[in-house]
Amino acid sequence: MLLTGCEIIMEVLAEQGVDTVFGYPGGQVLSIYDALYKNRHGIKHVLTAHEQGASHAADGYSRSSGKVGVCIATSGPGVTNIITGLATAHADSIPIVAITGNVPMELIGTDSFQEVDAIGLSIPITKHSFLVKSIDTLAFTLREAFKFAKSGRPGPVLVDIPKNVQVSKTEYEPMGLVENIPDINADKQLLDEAVKLINACKKPVIYCGGGVINSNSTEYIQPIVEKCGAYAVFSMMGLTAMDCEHKRHLGMSGMHGLYAATKTLTKADLVLAVGVRFTERATGNKAKFAENAKIIHIDIDPAEHGKNIDADLKIQGNLSNSLSYILENINNKKNSEWDKEVENYKQHENKNRKVTALLMPWDIIETVNKKATPYTNIATDVGQHQMWVAQYYKFKMPRTHITSGGLGTMGYGMGAAIGSCMATKRRTVLFTGDGSFGMNLNELATAVSEKLPITVVIINNKRLGMIRQWQSRFFDGHFMATVLDRKTDFVKLAEAFGAEGYRANSIKELEQALDRAFDINTPCVIECVIPSDEDVLPMVPPNGSVDNMIFK
Amino acid sequence: MNEKFSLSIVVTNQPGVLTRISSLFSQRDFNIDTFTSGKTEDEDYARITITASGDMRKKEQMIKQISKLYDVKKVEVMQPENTILRELLIVKVSASGEKLREILDAASVFRSKVVDMSPGSVCVEITGETSKIDAFLNYIKDYGILEYCRTGLIAVQRGKTCLYKNIKTA
């Protein structure tokens, strides 16, 4: 088949199983949009309000579905606008293929209109980026992009396609879905060593990160925990690796982790760390992290071994296969002393729940939790509300927690919720703050246009709460630039966008608003007003440990 | 403890590869001492030699992070006892009369080559390991170095072993 570059893009997207792309048209992608107009595969294009929203939507789409998310942007500002989205995906190892148009090859390097060095900009924040200089390599390059994005440790890949390549023609040969580059399987001897350590220990903990979700290995976690009498502790990215209501799910550890989770890690004699990268937010003081434990670290990316924590046993390999082998070979055992000890930590869990008539953040999260189903997608933005969700929401299913962990991108949530909702066709709740929502609320327009069942719950403390919390605790209460007190009327704002809007000052009002929001299949914004001076607790100060935990 | 070491990297011969590798070094705060790159006997691949310094952890991270790049086919630490390491220096020295004689003597002791002479100056080319080049520069510095330029190290393993034989078929 003799096809143009743009037609080849459509064919490759279809052959790679892409049903939805998120994007924004512009001068150097006009031909791609013309091909989208004509495309025979019914690939759906979602027009966002801003390219950043498109990149976050592709990311949310991928996190929810496990598929590669796709976004399209034009040259110049189109490229710079998706950079934040790519960096967000890169930090959390989310597979995205970003297709950008560029000026024709003969204009590259002449500072022509809307020209930026897309490759140069993308190098540090993508897994790889390709400049397609010739139509002859276009189909191959796009397939490589999909393959590289989803293989091994996943990540975003950018494909920059100059205008002349888009419109020239070549012979296209159809192909099927590209196979992943096969994962390295873990060394059997090392896995046997791990089994031996697990069998010999008395205080086991399994510590799960986002890699468990990304590699679809969640099914092994609970059985391993139960078989060897371990407790499960999670980084924020790994929270959905196991039913949060299971009594051995201790929740998130780290800076804003729960006391029992953080304490249990410190007291464990063995930590089986899977798909985690031990960032400083998760470990606190590295010298004190799991200081009594032998650490087994399994990851697909060998560069994670010894990067932040030097584990006693480092195993590189496919997580599912490794965990399945471990599950099969470890002994059944009970550790009653350990159970007693950990149950005791759980009793001491400080939930910092003030008794008050005011609507509090945990009330909001628990009320939504009650009304939602196990399949409801829960997206968040970044800040205090994000930590509260991680602490209080009881996730049941993997891939239902959509949040920017590594990069901590405020403004991530609205785009991500759209992507997540479109990938799953399921109701999606976005927990956001007045600060984060303010960054990219423009995407509410997209949700309205697409008639998406997205409920935006704004936890409004009229502050940039997380920064304020640090100013309060570490900067002598100098509240510089964190008191928003904006006059924005979120109810009217929602209505102006064509969504429904409600305000809740009590649990009862929130319940009523949620009943309405969950009844309709279009976007709804619920503003929940909370006190301005609530902190996220407990908190381990930077480079601290459970010994320095702040409870009040 | 910091040590100096040299890495040989085989990459696909694509534009932008050098940018990616040097970007990685700045991104992760790795120190590069020298960086050389050139074609190889196979036109599809280029070979880069980097000399760098860092502790064990940095060195390990450097190798692992470079290995992850799409264009990188192989990374190897070159073991000094088993490696031919060479650097090229061209130095222009201000000299005439008796001084010129002394420089030419030194050049011959260091087995270097005089590649240009003009009234008042002489250009000397010398190859060798870094220490030899440093020693030569140290000796002639008092004569008045006008300018010099050095290539950075290139490295090849001794013996029959090749760094990237059969990469294509592997």
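This is a predicted model: local features need pLDDT of at least 70, side-chain atom pairs count only at pLDDT 80 or more; totals for chains, interfaces and linings use all residues.
The C-alpha trace of chain B spans about 60 × 35 × 30 Å along its principal axes.

Now pick out two of those strands. Strand 2 of chain B covers residues 31-39 and strand 3 covers residues 45-54; the two run antiparallel and are joined by eight bridges. The turn from strand 2 to strand 3 of chain B is a hairpin through five residues. To see the pairing residue by residue, find B:Ile32, which stands opposite B:Ala52 of strand 3.

Next, turn to the place where the chains touch. Chain A brings 16 residues to this contact, and chain B brings 14 residues. Together the chains bury about 1,300 Å² between them, and carbon and sulfur atoms give 51% of that area. On the chain A side, look for A:Ile123, A:His128 and A:Lys307: these three supply 36% of the area that chain A buries against chain B, more than any other three residues.

Which side chains meet in a salt bridge here? They are those of B:Lys68 and A:Asp301, with 2.6 Å from N to O. Among the elements of chain A, strand 6 (128-131) and helix 6 (138-150) each supply at least two residues of the side that touches chain B. Strand 6 of chain A gives the most, with three residues. Sorted by type, the chain A residues on this side are seven nonpolar, four polar and five charged.

Strand 19 (residues 500-504) and strand 20 (residues 524-529) of chain A pair in the parallel sense, over five bridges. One residue to look for is A:Arg503, whose bridge partner in strand 20 of chain A is A:Glu527. Between the two strands the chain passes through helix 22 (residues 507-517) of chain A, and this β-α-β crossover is right-handed.

One pair to find is A:Lys396 and A:Asp243, whose side chains meet in a salt bridge at 3.2 Å, N to O. A:Lys396 sits in the loop between helix 16 (384-392) and strand 16 (401-402) of chain A, while A:Asp243 sits in the loop between strand 10 (231-234) and strand 11 (249-252) of chain A, so the pair ties together parts that are 153 residues apart in sequence.

A:Leu537 and A:Pro538 are joined by a cis peptide bond, with omega about 0°; A:Pro538 lies in the segment after strand 20 of chain A. The other detail is A:Lys451, a residue other than glycine with a positive phi, near 50°. You will find A:Lys451 in the loop between helix 19 (444-449) and strand 18 (454-460) of chain A.

Key:
Residues are numbered from 1 along each chain as its sequence is written. Chains are lettered from A and ligands numbered from 1 in the order in which they are written. Side-chain values use heavy atoms; hydrogens and water are left out. Contact means heavy atoms within 4.5 Å. Buried area is the accessible area (1.4 Å probe) that two parts lose on being put together, summed over both. A salt bridge is a side-chain nitrogen of Lys or Arg within 4 Å of a carboxyl oxygen of Asp or Glu. Helices (H or I, at least four residues) and strands (E, at least two) are DSSP runs, numbered from the N terminus. Ala, Val, Leu, Ile, Met, Phe, Trp, Tyr, Cys and Pro count as nonpolar, Asp, Glu, Lys and Arg as charged, and the others, Gly among them, as polar. Two strands pair if DSSP finds at least two bridges between them. A crossover is right-handed if, with the strands pointing away from the viewer, the path from the first strand over the helix to the second runs clockwise.
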